[in-house]
Amino acid sequence: MKDDFANLQRYASENKKLLSNPNDGKRIVFFGDSITEFWTPKNSNMFQLKKHINRGISGQTTSQMVLRFQLDVIQLAPTTVVFFGWN
């Protein structure tokens, strides 16, 4: 973590795969901390849809989320972003 404070590389390979596919204009990014991250195991059917993208990272602070917003949200060109966080 000391080399990647905001955990910018966490979703790098998944983002690369998404960006190599056409965007149908219906992507929804769920962005946040553990509240968001742990939705995937509990709602795996929801996130199997290519339009629902989970970008939660447990323990993230607001400052870390701001640093990774460009990579994990803006570059994916979603139509909707849902923010969740506790701090």
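Glu37 counts as buried, at 15% relative accessibility, where buried means under 20% relative accessible area, exposed over 50% and partly exposed in between (1.4 Å probe, protein chains only). The model is predicted, so local features need pLDDT of at least 70 and side-chain atom pairs count only at pLDDT 80 or more, while totals for chains, interfaces and linings use all residues. Residues are numbered from 1 along each chain as its sequence is written, and side-chain values use heavy atoms, with hydrogens and water left out.

Glu37 forms a salt bridge with Arg10, their closest N and O atoms lying 2.4 Å apart; the term denotes a side-chain nitrogen of Lys or Arg within 4 Å of a carboxyl oxygen of Asp or Glu. This pair links distant parts of the chain, 27 residues apart: Arg10 sits in the segment before α1 (12-20), and Glu37 in helix α2 (residues 34-37). Helices (H or I, at least four residues) and strands (E, at least two) are DSSP runs, numbered from the N terminus. Arg10 is partly exposed, with a relative accessible area of 34%.

A search of the whole structure finds 3 salt bridges. Another of them joins Glu14 to Arg55, with 3.5 Å between the closest N and O atoms. Because Glu14 lies in helix α1 and Arg55 in strand β2 (residues 52-56), the pair ties together parts that are 41 residues apart in sequence. Glu14 is partly exposed at 40%, whereas Arg55 is buried at 2%.

Arg68 and Asp72 also form a salt bridge, at 2.8 Å. Both belong to helix α5 (residues 62-72), 4 residues apart, which means a separation of about one helical turn. Arg68 is buried, with a relative accessible area of 0%, and Asp72 is buried at 1%.
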